[in-house]
Amino acid sequence: MRKIEYSYVTIVDAMPDSLRRFKADVFQALAHPTRIAIIELLGNRELSAGELIEELGMEQANVSQHLAVLRSKQLVVNRKAGNQVFYSVRDPILLEVLALMRSYFQKHLTEALAILDEIGESQMENGK
């Protein structure tokens, strides 16, 4: 048996890179509004491909392409029942990630609106 030795530094240096690549792959898969919509529609339930197509109001081929991306990155899973294919979110933690992104958006939107309010008040005070 061949013994392979790794230094602690090498393992620590390699792990962040692989983790960063994993994160980038997930965000790349979510980098289209339709794919995010699919994940959000699925939520904690299972939907057929037909139901997703109807909910999204898109062509079957387009939805299929987006589902293929999500499947390839293992963000959704599917099961066949007769001639139908049902989809669900692989891990509910992904829904938590999207909820955190929603909170992040809302926080920064609130800050931007507050700045706009200040500008508006300042302009009113200066008679502009």
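Biologist: Why is D25 called partly exposed?

Modeller: This is a predicted model, and in it D25 has a relative accessible area of 33%. Buried means under 20% and exposed means over 50%, so D25, at 33%, falls in between and is partly exposed.

Biologist: What makes D25 and K73 a salt bridge?

Modeller: The closest N and O atoms of the pair are 4.0 Å apart. The cut-off is a Lys or Arg side-chain nitrogen within 4 Å of a carboxyl oxygen of Asp or Glu, and the pair counts as a salt bridge. The pair links distant parts of the chain, with D25 in helix α1 and K73 in the loop between α4 and β2, 48 residues apart. K73 is also partly exposed, at 33% relative accessibility.

Biologist: Why can such side chains pair at all?

Modeller: Side chains of opposite charge can pair when their charged atoms come close.

Biologist: How do you know that E46 and R79 form a salt bridge?

Modeller: Their closest N and O atoms are 2.9 Å apart, and the limit is 4 Å, so the pair qualifies. E46 has 34% relative accessibility and R79 has 39%. Each value lies between 20% and 50%, so E46 and R79 are partly exposed.

Biologist: Why is R20 called exposed, whereas D17 is called partly exposed?

Modeller: R20 is at 53% relative accessibility. The cut-off for exposed is over 50%, so R20 passes it. D17 has 42%, so D17 stays in the class between 20% and 50%. The side chains of D17 and R20 meet in a salt bridge of 3.6 Å, N to O. Both residues lie in helix α1, three residues apart, which is about one turn of the helix.

Biologist: Which element gives the largest share of the lining of the largest pocket?

Modeller: Helix α1 gives the largest share, six residues. The largest pocket has a volume of about 400 Å³. Of its 14 lining residues, the closest to its centre are F22, V26, L75, I93 and L94. By class, the lining has eight nonpolar, one polar and five charged residues.

Note on methods: Residues numbered from 1 in each chain as written. Predicted model: local features only at pLDDT ≥ 70, side-chain atom pairs only at ≥ 80, totals over all residues. Heavy atoms only, no water. 1 Å grid on protein atoms, 1.4 Å probe; cavity = no way out; pocket = protein on both sides within 12 Å on 5 of 7 lines; lining within 4 Å. Points joined across faces, edges and corners; volume = space filled by probe spheres on them. Helix = DSSP H or I, 4+ residues; strand = E, 2+ residues; numbered from the N terminus. Nonpolar A, V, L, I, M, F, W, Y, C, P; charged D, E, K, R; others polar. Buried < 20%, exposed > 50% of the residue type's maximum accessible area, 1.4 Å probe, protein only.
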